[in-house]
Amino acid sequence: HGWGLAILDPDKYSVFKEPVKARSSIMLGNILLNPIVSKNALAHIRLGTIGDKDFYNCHPFVKKDNAGRRWTLIHNGTVFDCLDLCKYSTMEEGETDSERILLAIVDLINNFESFKGEPLTLKERFDIVADLIEFMAYANKLNLIIYDGEQMYVHVNYRNSLCYLKTENGIFISTQALDDKDWKDVPLNTLFSFLNGELLFEAKPHSFEYIETEEQLRFIENFANSLNTDDEEYVW
């Protein structure tokens, strides 16, 4: 139902996204004609569960905090139960639970920074994000990758759905192995952050592994089917 690509280097930050299938996108095809050289990058292919198929519901989502840091988020999952996110439904550009997660994070960062009266450190930001994700993880699927302009946050609470490959050039994270190299599962229920391709912080594991129910699976399938189109332009 859409794709997105974020190049996150400060001197060439850019976000491209489009509410069409990635393989059918002329825009993405043209972008990929040339190598993408970037220190940090995010790519996302959307299967819609909340929100219509349009530009504003495609990932990545971007929001600046009051200190001028640009937060960028991609999410593979669905928030089924978190009333604290409801207030952000009137503030977001689109309609997704994923965008509301980002707004909640930035709102919390702003509040803590205002209370402190000076910029938060890397560790302080990490701890705030870790506590919020643990709070939201109960009964919700939160496979998240977030970049705050300095560190990259990674969290997964759905088994066998996110893996990583560590190389001499950095770390690669994907929903599935991209080649026959030594990919490993990202540990469950734990927030990690990386800086320059190296592990920076690791939070204490929480206990809220997401277990998909039949009711939730039907909800996701029914919503995804409602967004499908018969237009041959969008057929894989």
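I began with the contacts of Glu99 (contact means heavy atoms within 4.5 Å): beyond its neighbours within four places in sequence, I found Tyr56, Phe61, Glu92, Glu93 and Gly94. Glu99 sits in helix α2, residues 97-116; helices are DSSP runs of H or I with at least four residues, strands are E runs of at least two, and both are numbered from the N terminus.

A note on sources: this is a predicted model, where local features need pLDDT of at least 70 and side-chain atom pairs pLDDT 80 or more, while totals for chains, interfaces and linings use all residues. Residues are numbered from 1 along each chain as its sequence is written, and side-chain values use heavy atoms, without hydrogens and water.

Next I asked which side chain of opposite charge is nearest to Glu99. Buried means under 20% relative accessible area with a 1.4 Å probe, protein chains only; a salt bridge needs a Lys or Arg side-chain nitrogen within 4 Å of an Asp or Glu carboxyl oxygen. Lys and Arg count as positive, Asp and Glu as negative; His and the chain ends are not counted.

Then I turned to strand β6 (143-147): five of its five residues are buried, so the rest of the structure largely encloses it. Asn143, Ile145 and Tyr147 lie on one side, Leu144 and Ile146 on the other.

I looked up its partners too (pairing takes at least two DSSP bridges). Strand β5 (70-76) runs antiparallel to β6 over five bridges, with Ile74 opposite Ile145. Strand β7 (152-155) is also antiparallel to β6, joined by four bridges.

Definitions and conventions: Buried < 20%, exposed > 50% of the residue type's maximum accessible area, 1.4 Å probe, protein only.
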